[in-house]
Amino acid sequence: MSLTEAEGRSDVPPAWIHSKVTLEEIEGPRRARDLISPGDGPEWRAFKRRLREKDELWYFTTPSDFFMHSAGRMGYVILRRGKQVAHFVAIMT
């Protein structure tokens, strides 16, 4: 798992970003079954600290053929005023 600062690095391609989510849906007691659990490691906690009041949290996944070639990724992106601030890779194949 990793936290990647979007500034100065590759953003997650917009086509991979598909579901707006909340922290409650990711971590809460009624967690959405189709979302990947990021655990509670230091990288995830650092990622969450980047969230600001009006930011949006989105789920991303690479196309399925990436997984067939051991290049799949799933995770979360923080958008601030429509721009990526950071992304967190929860699964990497």
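Let me start with the core. The largest nonpolar core has 16 residues, and Val21, Ile26, Phe47, Leu57, Tyr59 and Tyr76 touch the most other members. By nonpolar core I mean buried Ala, Val, Leu, Ile, Met, Phe, Trp, Tyr and Cys residues joined through side-chain atoms within 4.5 Å. Buried is under 20% relative accessible area, exposed is over 50%, and partly exposed is in between, with a 1.4 Å probe and protein chains only. H2, strand S3 (56-61), S4 and S5 each give two or more residues to this core. S5 gives the largest share, 4 residues. Another core lies apart from it, with 7 residues, including Phe60, Val77, Leu79 and Val89.

A word on the model. It is predicted: local features need pLDDT of at least 70, side-chain atom pairs count only at pLDDT 80 or more, and totals for chains, interfaces and linings use all residues. Residues are numbered from 1 along each chain as its sequence is written, and side-chain values use heavy atoms, leaving out hydrogens and water. Helices (H or I, at least four residues) and strands (E, at least two) are DSSP runs, numbered from the N terminus.

Now S5. Is strand S5 (residues 83-92) enclosed or open? Of its 10 residues, 7 are buried, so S5 is largely enclosed by the rest of the structure. Its partner is S4 (residues 73-80): the two run antiparallel, joined by 8 bridges. Strands pair if DSSP finds at least two bridges between them. S4 and S5 form a hairpin with 2 residues between them, and Arg81 in the turn has a positive phi of about 50°. Gly75 stands opposite Val89 in S5.

Leu35 is in the loop between helix H1 (23-27) and helix H2 (42-49). Leu35 counts as buried, at 7% relative accessibility. Beyond residues up to four places away in sequence, Leu35 touches Val21, Glu25, Ile26, Tyr59 and Tyr76; contact means heavy atoms within 4.5 Å.

Last, the aromatics. How many aromatic pairs does the structure hold? There are 6 aromatic pairs. Rings of Phe, Tyr and Trp (its six-membered ring) pair with centres within 6.5 Å; planes under 30 degrees apart are stacked, over 60 edge-to-face, the rest tilted. Trp16 and Phe66 are edge-to-face, at 5.3 Å centre to centre and 80° between the planes. Trp16 is buried at 19%; Phe66 is partly exposed at 28%. Phe47 and Phe88 have centres 5.8 Å apart and planes at 45°, so that pair is tilted. Trp44, Phe47, Tyr59, Tyr76 and Phe88 form one aromatic cluster.
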